[in-house]
Amino acid sequence: MKFFFPDSQDFVDESFDFVSETRSDIRVRQRDDRYPHELFRAAPYDGILVSKAVVDGLGGGAGKYSLAQRHRFIRVGVREYFRLENPNLETMGDCGAFTYVREERPPYSAAEVADFYAECGFDCGLSVDHVILGYRAEYDQHLEGIDLVPPDWRARQEITFELAEQFLLYCRAKKYRFTPIGVAQGWSPESYALAVKKLQELGYRYIAFGGFVPLKTRDILACLQAASVVRKPDTQFHLLGITRCENVQAFGDFGVVSFDSTSALRKAFMDDKHNYYTLHGTYSAIRVPQVDANPELLRRIVAGQVSQERARELEQQCLTTLVKYDAGEANIRETLDVLRSYELVFNGSVDRSDVYRRVLEDRPWSECPCEVCRRLGIHVIIFRGAERNRRRGFHNIYVFNQQLQGHLEQRLECV
């Protein structure tokens, strides 16, 4: 089973100095920065997923491309842009349907998207789809003469079918070499099974399931089970935005051969507790916010509730003491004391002392063999700024891939 990592401009600056917190004056973003597959000896994923909407700069978020980046991407192609020197790393394209989810119809034509995939050199590409904003398994319980499904849901599924047919016909007419992937959208197990059946009738043998991200695992499995009943022996499934590593055996049994997700990366800086992955569990990162970049702390400084000078002093004490602790030059008590003193300044309503004690006592970064932890040491566990947080996310991707391989080996043993 293959793991594709969705691109959202997640790279790190190799020139960044974690002591002075400065970077090279001549650094050019993206050109000089490094992706996960460039930091690790072996890439922690099987390929990269790129959304046309992100490349085009549609929607909000920090991941969208600038005009210059978009022009370069189209000019050099996906493999050169991401510096994919390993021929085994695959590339997959999609439309980024969530960026236009509120529109009545997708902003792209099937031909426009197919041309994008072909011209940029993708290995495979998804047909244009329209996300259905809801899931109701009970709608499969047919009531005679009553259609409970909202008209908009049916319309979005029909639009997805229509564009999938146009996409495949266009790819065949142009003799494009990338593998076309049809997208199944639905609102219940039976509606997803219907989508798979229709896409197979059109000629697709690689089908991606959209709309699964908010679903509970039991609902995903119910949809896959229903789809597996109509799945042809040579049809393969892809799961969009799903990581549930512990379920890969069940997913595989239903025909899933690939999936994509940024969950492991995002947990590093968007989760309140589970920021650092290990093979046996997770840890919270240690918060040492930058005085000038923490909105709540700045508000308290402006309001006169906190001394800016005192906040800066405690901020630096935390960083210095943590580095000393990692080197064996500070004990856990004094480290926790200075962390708590700063925490009272930027967030007095929370006490993370017990959480921090656990991670400091266990020192998980010192046991991890990945290149990020070997190079950063304790800095990888410090929740502070994009360079530390994103590298911790890269570490999480590495660990997630290790977990995935372990589950896949167990599945092979059971076959």
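Modeller: A salt bridge is a side-chain nitrogen of Lys or Arg within 4 Å of a carboxyl oxygen of Asp or Glu. The model discussed here is predicted, so local features need pLDDT of at least 70 and side-chain atom pairs pLDDT 80 or more, while totals for chains, interfaces and linings use all residues. Residues are numbered from 1 along each chain as its sequence is written, and side-chain values use heavy atoms, leaving out hydrogens and water.

Biologist: How many residues apart in sequence are the parts tied together by Arg 384 and Glu 315?

Modeller: The side chains of Arg 384 and Glu 315 meet in a salt bridge, at 2.7 Å from N to O. Arg 384 lies in the loop between strand S12 (382-383) and helix H17 (385-414), whereas Glu 315 belongs to helix H12 (residues 308-326), so the separation of the parts they tie together is 69 residues. Such elements are DSSP runs numbered from the N terminus: helices are H or I of at least four residues, and strands are E of at least two.

Biologist: To return to the value asked for, and to the setting of this pair: are Arg 384 and Glu 315 buried or exposed?

Modeller: The separation is 69 residues. A residue is buried under 20% relative accessible area, exposed over 50% and partly exposed in between, using a 1.4 Å probe and protein chains only. Both Arg 384 and Glu 315 are buried.

Biologist: How many residues apart are Arg 23 and Asp 13?

Modeller: Arg 23 forms a salt bridge with Asp 13, and their closest N and O atoms are 2.7 Å apart. Arg 23 and Asp 13 are both placed in the loop between strand S1 (2-6) and helix H1 (36-39), with a separation of ten residues.

Biologist: How many residues separate Glu 158 and Lys 198?

Modeller: The side chains of Glu 158 and Lys 198 meet in a salt bridge, at 3.8 Å from N to O. Glu 158 is in helix H6 and Lys 198 in helix H7, and the pair links parts of the chain separated by 40 residues.

Biologist: How far does helix H6 reach from its first C-alpha to its last?

Modeller: The expected span of a helix is 1.5 Å times one less than its number of residues. Helix H6 (residues 151-174) has 24 residues, for which 34 Å is expected, and its reach is close to that, at 34 Å.

Biologist: Which elements do the buried residues of H6 pack against?

Modeller: The buried residues of H6 include Trp 153, Phe 161, Phe 167 and Cys 171. Contact means heavy atoms within 4.5 Å. The packing partners are helix H5 (110-120), strand S4 (124-126), strand S5 (179-184) and helix H7 (189-202).

Biologist: What distance separates the C-alpha atoms of Gln 166 and Leu 202?

Modeller: Gln 166 is found in helix H6 and is partly exposed, with a relative accessible area of 39%. Gln 166 and Leu 202 are 36 residues apart along the chain, and their C-alpha atoms are separated by 9.8 Å.

Biologist: Which residue of S8 stands opposite Leu 239?

Modeller: Two strands pair if DSSP finds at least two bridges between them. A closed barrel of eight strands runs S1-S2-S3-S4-S5-S6-S7-S8, with parallel pairing. Within it, strand S7 (residues 236-239) and strand S8 (residues 256-260) pair in the parallel sense over three bridges. Opposite Leu 239 stands Phe 259.

Biologist: At about what angle does helix H8 run to S7?

Modeller: Axes are lines fitted to C-alpha atoms, for helices over the stretch in contact, and angles run from 0 to 180 degrees between N-to-C directions. Helix H8 (residues 217-230) lies across strand S6 (206-209), S7 and S8, and its angle to S7 is about 160 degrees.

Biologist: How far away from Cys 95 is the nearest cysteine sulfur?

Modeller: A disulfide is a pair of cysteine sulfur atoms within 2.5 Å. By this rule the count comes to zero disulfides. For Cys 95, the nearest cysteine sulfur is that of Cys 171, at 11 Å.
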